[in-house]
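Hi,

Here is the structure I promised to pass on.

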Amino acid sequence: MILRLRILQLRLMVALFFIVILVSSVNASASYRLTGSITTTTSSPNVIFQSGNAATSTIFAAGTSARVTTPTSPIIYYPISYNIVTGTYSSGTVPGSVNVTDSNYFVTASSTGANPKIAVTEFTFSTSSTTPHQLNFTIVEQYSVSAAAVTIQVYNYTAGAYPSSGQGYLTYTSSSTAGTDETQTLIITTNPQFYTSAGQVKIMITASRNGAGFNQNFNLVRLYYFLETYDYVLKIVNQQTTSYSIRLNSTTFSQSNIGRQSNFTAWIHDPGSLQLQIITGSPAVRTGAFYTLSSMATAYLAIRVTTSAPGLSTIDCFLQVYVPGTSTHLDYRLTFKIA
Ligand SMILES: [Ca+2]
C-alpha cells in the first residue's frame, strides 16, 4: 500500500515537472498548440485566469495564459450638446464647430438691454462611466469685444452645483484686442469623479461686459478623460481545496518600449500586494511578494498606467503558482499591452 502511494506520488511529481517545463517555455499564442499536452497530464489546471471587469482581457490555453490590453489614455471627447443659459444661439454646431481650432466657431450672442451684457453657454460631454483619474479641459475662444470678464466652470455633481473655487473654476479677462483666440486649460486631479455622473460631464462659460452686446465665439472645446487605474483586469481563480502561494515574476523577460511608462504598477487586491512596477521607464519591482490564494478563492489583479508619450508598450511576466512548502510551481504566461 505504501509502495503504491509512493509510485503515485512519483508519477504526480513527474507530471508536475513536465507541466512546469511546458507552460514556462511557451508564449501565449503557442500555448494553443500545447493545450492537448497539458490536458493529457492533468484533468484541469488548479488555478486559472478569468477576465476581469476593466480593460480588455483575452484568456488562452484553458486559463493558463492571458493578455490584458488597455485602451489609449486619455480618451478625447468633444461636446455632444449645448444649452444657451443666457443670450441667444447665433451659429455653429457641436461637436463640428468646436472639435478643431480653425475658422469654424460656435457662436452665442450676449443678452441685450441693461448692463452688464451677458452670454452663458453650457456644453455637455458624453464620456466613459468608468471613474476618471484626471479631467483635462481645453477651451479656445474669442470675443467680438475687448476685455470681457470670463468664468469657466465644470459642474460638480457631488455638490450639485457649478463651483466658485477649486480646480473646476477659472476666471480671466479676454484680450484687449477683440477677435483674438485665447486658450484656457482646466486640469482636475482632486476628486475628478465628483465632476462626472453616469458618463456625463458639463462645462459652463460665462462672459460679462458693460457696453455694446457681443458674441461669444468658441473655436475648440475639448476634454481629455484619463483612465489610468484599471481595477480587476484579471481574476486568478483557485479551483482546488488547497491553498497556493502566487506571485508575478518578470525577471526572465525583456520588456518592449517601456521608456514611455511614467508609472506602471500591477498589484493584487485585498490585502494589497505589489507585484510589478515600472517608474519613469525603468523596472522598479520585477518580482512580486507572495500572495496566499486560499482554497477555492479568487484574487483580483489591478494595474495603474501613466504614460509620458503615445505608443505601445508590452510587459511580459509569469504568474507563478507555488505548492505551499515546496519549490514546485506552475508558470502561467501573462502579457500586458499598454496602448
Ligand atoms: Ca473650430
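Which residue is the bridge partner of Y244 in strand 20? That partner is L293. Before going further, two notes on conventions. Residues are numbered from 1 along each chain, as its sequence is written. The model is predicted, with local features needing pLDDT of at least 70 and side-chain atom pairs counting only at pLDDT 80 or more, while totals for chains, interfaces and linings use all residues.

Overall picture first. The protein chain has 2 helices and 23 strands (DSSP runs numbered from the N terminus: H or I of at least four residues for helices, E of at least two for strands). Of its 339 residues, 34% count as buried, meaning that 20 or more other C-beta atoms lie within 10 Å of a residue's own; 12 or fewer makes it exposed, anything in between partly exposed, and C-beta atoms are placed from the backbone. Among contacts with a separation of 6 or more, 73% come from residues 24 or more positions apart (a contact puts two C-beta atoms, placed from the backbone, within 7 Å).

Now back to the strands. Strand 16 (residues 244-249) runs antiparallel to strand 20 (residues 291-293), joined to it by 3 bridges; pairing takes at least two DSSP bridges between two strands. I246 stands opposite Y291 in strand 20. Strand 16 also runs antiparallel to strand 22 (residues 313-322), through 5 bridges, and there R247 has Q320 as its bridge partner.

Last, a loop residue. S308 sits between strand 21 (298-307) and strand 22. S308 is exposed because 12 other C-beta atoms lie within 10 Å. Leaving out residues up to four places away in sequence, S308 touches R260 and S262. From S308 to G259 the C-alpha distance is 8.6 Å, across 49 residues of sequence.

Happy exploring!
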